[in-house]
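This report concerns one protein chain. The sequence and structure are shown first.

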Amino acid sequence: MAPLSPVGRLAATVDRLSREVRAAQAEAEGRALVELAKGILVARLGCGPAQAARQLAELAEQSQVTPLEFAVDVINQAARDRMSEVTDAFLTATATVRASDAGEAGDAGEAVAESAAVRLRAAESGALAADDTQAVADALLEQALRPLGAVAVAIWAAGYDGSLTLAGSAGFSTAEATRWRYVPPDVATVARRGLTEREGQWITSLADTGLPSVGRHQYPDGGRVAVPAGTGGRIHGVLEIAWPTPLAPQPPQVVRQVEALAELCAHTLESYTLPHGAGQEPRVMPDAVELMDLADGLYDPALVLVPHLDAAGELADFRIQHVNKSFLDPAGRPRAMVGGALLLEAYPMAAGESELFRYVERVYATGEPFRARRMNLTALVDQVPLSALADISVSRHGNAVLLIWRIEDEAARLASLLQHAQRLGRIGGFEENLLTGEITWNGQLFDLYGRPRTSTPVPLEELPAHAHPDDAVTIGRFLRTLMHHRRPTSAAFRLQRPDGVTRHVRAVAEPVLDTDDRLLVVRGAYQDISAQHWTEVALAATRDQLAHSEQQAIERNRLTLQLQHAIMPPAQTPLRVPDLQVAVRYRPAETEQLVGGDWYDAAMLPSGRVLLCVGDVAGHGIEAATSMVVLRNALRGLAVTGAGPGQLLSWLNIVAHHLTGGVTATAVCGLYDPARRTLRWARAGHLPPVLVRGTEAKPLPLLKGMLLGAAAEAAYEEDEVQLAGADTLLMYTDGLIERRDRSVEEALTQLLNTVRPTPNTLDQHLDRLLTYSRSDTDDDTCLVGIRVG
């Protein structure tokens with residue numbers, strides 16, 4: 001063998017050191033997996049590290065696998081994640097996919113590559129230890145993709161506008177990666193196909209598609225795979241993998257392996273901030289994307305701002321990334337003229353006396369919110385400064401800023417808010433012109449009188465004919481004070497409607513006089529105080545009966561129970577809905593002292609949908625019962641608006657927090673559409689409904705939603721379930737399953753076992769559940785069930 005030249009010896013040394021480095025890295029990653037498995041054994045067996053090491057070696061020998069492969073199996077059993085599903089499939093496979101150049105890593109590299117399962121866990125370990133997305137790409141290629149024959153990998157970050165940015169790559173030349181660092185929206189590439197077609201793209205040969213992609217000139221005939229990288233239903237980017245030759249159809253294990261690696265990339269892309277050139281705003285910001293959705297849900301004008309940097313990388317201005325649907329410009333300009341501009345371009349006077357720009361800059365720097373009332377918001381249009389007084393709110397969300405203002409001239413919006421307040425407060429307004437006889441009522445007053453809105457309003461002088469005869473003296477005094485003495489006055493009386501219903505109302509009115517002190521107009525309002533009246537009656541009666549004895553306490557609880565049953569009887573006339581059975585049950589507490597706030601409702605709405613709900617107010621006694629009445633009636637009234645269950649619970653949370661003395665409650669609210677056989681539902685801290693289909697029973701997914709009344713404002717997640725013929729869906733309160741000696745999970749499992757045998761009728765089904773309920777907490781129980789015909 002001829003002696004090597006000095007250059008040859010140097011090359012051989014570099015090659016040897018490279019192999020040693022790769023081997024050392026592989027060995028270190030293998031040790032990391034073994035040490036992790038030891039830690040799991042220490043926690044589960046309660047032994048020391050040395051004993052765990054011996055146990056790992058003995059179990060590996062008994063299983064006839066290497067300690068490293070057995071360590072991966074231990075990690076899978078403990079993790080039970082997506083990677084575990086994939087690696088378990090490889091651990092039980094009879095063959096391991098290897099690439100032709102996998103032996104370059106040397107003996108230690110071969111030890112780490114003993115199975116695809118080990119390679120996957122090693123790739124995961126390397127990715128989690130990586131400092132940036134580029135390092136993640138290197139780890140994925142070397143540890144998991146080269147053994148599959150892949151030669152390059154690209155990790156793309158998806159922008160809110162459909163653009164793609166190369167967040168990291170390995171195997172492509174530096175010049176090629178630089179050339180492909182950004183792909184504008186609507187440009188057809190392999191990665192974009194993987195983004196838009198959620199099942200991913202498995203391309204046999206890149207030459208067959210005609211699609212451009214990174215590295216096309218390096219591997220023109222090679223296979224390509226582009227898989228969306230997402231978590232929790234949100235796509236953060238695309239994982240693209242390149243092979244040097246055409247790609248044959250891959251086995252399911254390899255497909256699942258690539259999908260697991262894409263999910264691993266998604267976790268990295270969640271915190272990835274896209275690079276931007278000097279003097280340019282970032283092309284995409286996940287913070288701004290989420291903030292844009294929030295801004296569009298606001299009633300007030302709002303701007304989403306992102307930082308704009310100068311050539312030196314310093315903050316120079318803010319780009320107006322988004323203007324919401326309620327945007328009102330002080331200068332009257334349309335949204336399109338403001339969106340996309342720099343803040344100081346659109347509002348140059350923001351850096352002037354108002355110092356608005358300085359406040360935005362400070363909020364962005366420190367994260368501390370800023371609030372100001374009646375700030376002078378100025379815009380400069382055609383060299384003419386225009387200004388308006390506004391309430392300002394500035395807050396930072398990640399790397400974006402939300403600027404909200406409320407301009408004082410918003411009469412229409414305030415009128416809308418007043419209408420909502422009147423509806424929620426059951427207030428009907430009126431105005432009667434005594435000279436012309438013209439009478440004006442709002443819609444709420446027609447509803448209070450029980451009269452169609454097309455009918456003629458009732459004059460004040462005819463009010464006694466519509467009131468209870470026993471209230472004639474009160475009404476006479478009210479009219480004399482108003483009409484003859486011409487003074488504002490109020491009165492409470494019973495209003496008798498044409499449908500036979502009697503409502504307790506309070507009327508407040510005032511006279512309007514002309515310059516000659518003549519009575520021209522009378523205006524005022526009626527408020528339905530029936531619920532408050534009966535609550536006050538019940539409370540007064542209860543306080544009287546509570547005097548000083550145990551018997552009086554028993555009477556108070558009995559009155560509470562009677563009040564609860566009067567408003568929510570244990571048996572209710574079933575709804576008549578085509579192809580749908582609806583049944584409800586209410587079982588009171590066995591001990592009268594534990595009368596609580598459980599409630600249910602099942603009602604047909606004007607839209608044709610069916611309102612289904614159950615709830616539980618915290619506590620027991622008269623306070624819980626009266627709070628239950630408020631929440632139940634409020635939800636039924638709000639449901640008429642046509643809003644979805646999430647919005648209904650959000651409104652009900654406001655009622656619970658502000659209008660019921662700060663009570664807390666749980667609830668499930670659903671809207672069933674008979675035409676589509678779908679149930680759209682939401683929950684507020686309550687157990688989810690149970691769906692019985694055939695011989696299977698399972699709870700619906702646990703949606704996000706906090707307790708009612710726990711916070712001033714809350715949002716509630718919605719979901720929709722498609723029901724089929726013979727499906728049964730149950731809503732219930734915890735009194736059905738709660739036990740002192742068992743967890744909620746165990747009690748729910750017992751319920752699922754009980755509901756599976758489905759009787760012939762829905763009524764029999766609900767009665768069976770109450771009969772076989774093992775609850776021992778003596779709490780109220782409400783149960784609502786529907787069965788599709």
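## Basis of the model

This is a predicted model, in which local features need pLDDT of at least 70 and side-chain atom pairs count only at pLDDT 80 or more, while totals for chains, interfaces and linings use all residues. Residues are numbered from 1 along each chain as its sequence is written, and side-chain values use heavy atoms, with hydrogens and water left out.

## The chain as a whole

The protein chain has 24 helices and 26 strands; helices (H or I, at least four residues) and strands (E, at least two) are DSSP runs, numbered from the N terminus. Of its 789 residues, 46% are buried, where buried means under 20% relative accessible area, exposed over 50%, and partly exposed in between (1.4 Å probe, protein chains only).

Among contacts (heavy atoms within 4.5 Å) with a separation of 6 or more, 59% join residues 24 or more positions apart. The accessible surface comes to about 38100 Å², of which carbon and sulfur atoms hold 52%; areas come from the Shrake-Rupley method with a 1.4 Å probe, and for residues only the protein chains shown count as cover.

## Helix H18

Helix H18 comprises 13 residues, 472–484. From first to last C-alpha the helix reaches 17 Å, close to the 18 Å expected at 1.5 Å a residue; the expected span is 1.5 Å times one less than the number of residues. Ile 475, Phe 478, Leu 479, Thr 481 and Leu 482 are buried in H18. Seen down the helix axis, these buried residues fall within an arc of 165°, so they line one face of H18; the arc is that of the directions from the helix axis to the C-beta atoms.

The cover over these buried residues includes strands E14 (489–496), E15 (502–513) and E16 (519–528). The exposed residues Val 473 and His 484 are on the face of H18 turned away from its buried side. Arg 486, which follows H18, has a positive phi, near 55°.

## The five-stranded sheet

Five strands form an open antiparallel sheet in the order E17-E26-E25-E22-E23; two strands pair if DSSP finds at least two bridges between them. E17 (580–587) and E23 (696–699) are the edge strands, each pairing on one side only. The twist averages 15° from one strand to the next; axes are lines fitted to C-alpha atoms, for helices over the stretch in contact, and angles run from 0 to 180 degrees between N-to-C directions.

E22 (690–693) and E25 (728–732) pair in the antiparallel sense over three bridges, and Val 692 stands opposite Thr 728 in E25. Helix H23 (744–755) lies across E22, E23 and E25, running at about 145° to E23. Helix H24 (762–771) also packs on the sheet, touching E17, E25 and E26 (781–788), and its direction makes about 25° with that of E17.
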